Amino acid sequence: MRVKQLSVFIENKEGRIAEVTSIIAEVNVNIRAISLADTSDFGVLRMIVSNADQARDALKKEGFTVGETDVVAVKVEDKPGGLNKILHLIESSGLNVEYMYSMARIIDNSAVMIFRFDKTDQAIDVLTKSGLPVINKNRVTDD
Amino acid sequence: MDIWDPQKESMKRDEIEQLQLERLQATLNRVYKNVRHYKTSFSDIDFMPEDLQSLTDFNKLPFTTRQDLRDDYPYGMFAVTLREVVRLHAPSLGFEKPVVLGFTKNDLNCWVELMARCLSGVGVTKDDVVQISMPTWKILNTFGIQRGAELIGASVLPVSIKNLPNQVKIMRDFRTTILVTTPGFAMGLINAISSSGIDMITLSLKQGIIGSEAWSENTRNLIEKNLHITATDIYSLTEIFGPGVAWECHEKNGLHISEDHFLPEIIDPVTLEPLPPGAEGELVITTLTKEAFPLVRFRTGDLTSLNYTPCGCGRTHARISRISKRTDDVFVMNATCVIPDQINMIITKLNNGKEPVFQLQAERKKDRDTLTVIIEVTDTMFFDEIKKQLLIVDDIQLAISEFLGWNVHVKFVEQGSIDRKKQVLDNRSL
Ligand SMILES: [Zn+2]
């Protein structure tokens with residue numbers, strides 16, 4: 001149920017994101033989801049890719065600092081309150097969402113959100129018990 | 001461990017001082033007669049070499065700085081004619097600080113003799129294979145170490161190749177027992193060994209003589225553990241001859257400086273007053289036997305202290321403490337002395353004991369001095385959550401600000417973006 005996310009430290013200067021994506025493209029790895037969180041000095045680029053190990057090695061070889069974190073992909077119903085339902089459930093279980101972003105691809109005609117929870121295992125447990133569609137790793141990363 | 005020259009290395013203190021006084025008088029006479037710089041600087045304070053009656057009179061003499069050596073480039077500081085010089089070294093030619101050293105035949109003999117003391121002091125015998133792995137621009141300075149090892153009867157293997165895996169293969173195939181290198185190179189070798197898949201058991205390494213750059217006890221532990229060796233420190237001073245000016249014996253409790261050839265002093269780098277034994281300050285060295293390139297009260301820029309108590313190894317020559325910082329990089333800001341090494345310690349502590357790559361940038365904005373501590377991010381300091389990333393920035397910022405007593409700004413940058421040769425960038429136009 002866990003999906004491996006890569007995070008990359010980048011300075012706020014022109015062209016750095018393109019640099020990262022082109023290194024990944026060069027090793028024939030696809031980017032499934034991407035989001036940037038930034039401050040005035042630096043940013044953290046987070047990505048779900050088709051081959052995390054390969055992308056990580058390629059980036060490290062080019063001198064980037066790369067982190068790996070487990071995140072959870074959840075299908076969100078495309079109707080009012082779809083996202084709210086998930087957030088409410090997590091909050092009432094005493095868990096926290098550290099950050100979230102959406103995936104570029106549609107799975108089974110639904111939008112998919114990537115969640116970083118403070119307690120990943122417990123969050124997966126709560127979501128599946130409530131019948132919320134947590135997506136398998138392979139369906140997120142594979143073609 | 002054998003003492004190479006017990007008669008000299010274990011002299012009584014009063015005998016050392018008597019010998020130093022005699023040799024100092026000879027040195028002062030020679031430089032006064034042959035080197036314009038010294039003639040002028042002695043005359044400026046109305047000092048004649050024969051005025052020197054005791055070692056305490058010596059305190060009056062002016063210091064010699066790197067700038068003086070640069071001003072008299074190339075041959076101005078030579079105390080003999082070029083005809084008597086048999087070897088020339090220009091270790092930093094082409095860099096910002098050109099220095100040309102000369103050696104007479106006698107100078108070379110002394111150098112080799114001193115290196116034999118150093119090498120046998122750490123246990124080199126005629127059965128050893130000594131591999132000298134130095135970056136190309138430093139290999140020249142190891143001429144004395146090479147000859148010293150030969151004098152002992154050891155086999156010497158100087159390798160100045162950059163390719164670390166090849167260094168490891170040479171080490172294995174030639175059954176190297178002693179490695180002379182820099183801390184940076186030693187750390188690189190550790191990585192090369194682990195990625196080459198070579199089993200440490202197949203290496204014969206037992207001892208590392210490590211120097212040319214400052215290195216911490218932490219690094220020593222790492223090197224000893226990973227290379228399965230005893231690692232001792234060696235102090236290098238380009239203006240004298242390079243590595244080997246002082247060296248650690250197996251007691252690992254300070255670096256012996258051969259007092260029959262050098263007269264060390266410690267001064268306060270700001271007031272320039274001499275400091276008592278044990279006090280930390282700038283190391284000042286006077287050469288006592290050098291003929292071609294003698295130095296009188298040369299300011300090394302290195303911070304250390306002197307210990308005159310006889311050592312557990314049986315030697316009586318003074319020991320300097322390990323050098324971890326240089327006065328060159330110390331700067332004054334907001335009425336505080338900023339020492340990069342102390343900033344390093346603070347960051348290392350907050351980074352689980354891992355030393356950071358960082359740079360201090362001083363600027364003057366609207367008559368106010370500001371300091372930015374630029375740190376290269378590493379795996380141990382990088383988080384996917386901005387919140388946590390900002391927290392470590394804050395922690396470091398707070399710790400340094402509290403230490404200095406005024407606020408600094410901490411900024412993380414990508415790996416490889418700091419110029420490693422510049423620990424301090426002082427952009428204030430003072
Ligand atoms: Zn000793």
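Accessible areas here come from the Shrake-Rupley method with a 1.4 Å probe, and for residues only the protein chains shown count as cover. This is a predicted model, in which local features need pLDDT of at least 70 and side-chain atom pairs count only at pLDDT 80 or more, while totals for chains, interfaces and linings use all residues. Residues are numbered from 1 along each chain as its sequence is written, chains are lettered from A in the order in which they are written, and side-chain values use heavy atoms, with hydrogens and water left out.

**View 1. Chain B and its surface.** The accessible surface of chain B comes to about 19,300 Å², with 51% belonging to carbon and sulfur atoms. Of its 430 residues, 54% are buried (under 20% relative accessible area; exposed is over 50%, partly exposed in between; 1.4 Å probe, protein chains only). Chain B has 12 helices and 20 strands, taken as DSSP runs (helices H or I, at least four residues; strands E, at least two) numbered from the N terminus.

**View 2. Where chain A meets chain B.** Here 24 residues from chain A and 19 residues from chain B take part in the contact (heavy atoms within 4.5 Å). About 1,700 Å² is buried between the two chains, 54% of it from carbon and sulfur atoms; this is the accessible area (1.4 Å probe) lost on putting the parts together, summed over both. The chains share 5 salt bridges, meaning a side-chain nitrogen of Lys or Arg within 4 Å of a carboxyl oxygen of Asp or Glu. Look for Lys387(B) with Glu98(A), whose closest N and O atoms are 3.0 Å apart. On the side of chain A that touches chain B, β1(A) gives the largest share, 6 residues.

**View 3. Lys4(A) and Asp53(A).** These two form a salt bridge, with closest N and O atoms 3.2 Å apart. Lys4(A) sits in strand β1 and Asp53(A) in helix α2 of chain A, 49 residues apart. Lys4(A) is partly exposed at 28% relative accessible area, and Asp53(A) is partly exposed at 35%.

**View 4. Lys75(A) and Asp108(A).** Their side chains meet in a salt bridge of 2.7 Å, N to O. Lys75(A) lies in strand β4 and Asp108(A) in the loop between β5 and β6 of chain A, so the pair ties together parts 33 residues apart in sequence. Lys75(A) counts as buried at 19% relative accessibility, whereas Asp108(A) is partly exposed at 41%.

**View 5. Arg322(B) and Asp233(B).** In this salt bridge the closest N and O atoms are 3.0 Å apart. Both Arg322(B) and Asp233(B) are buried.
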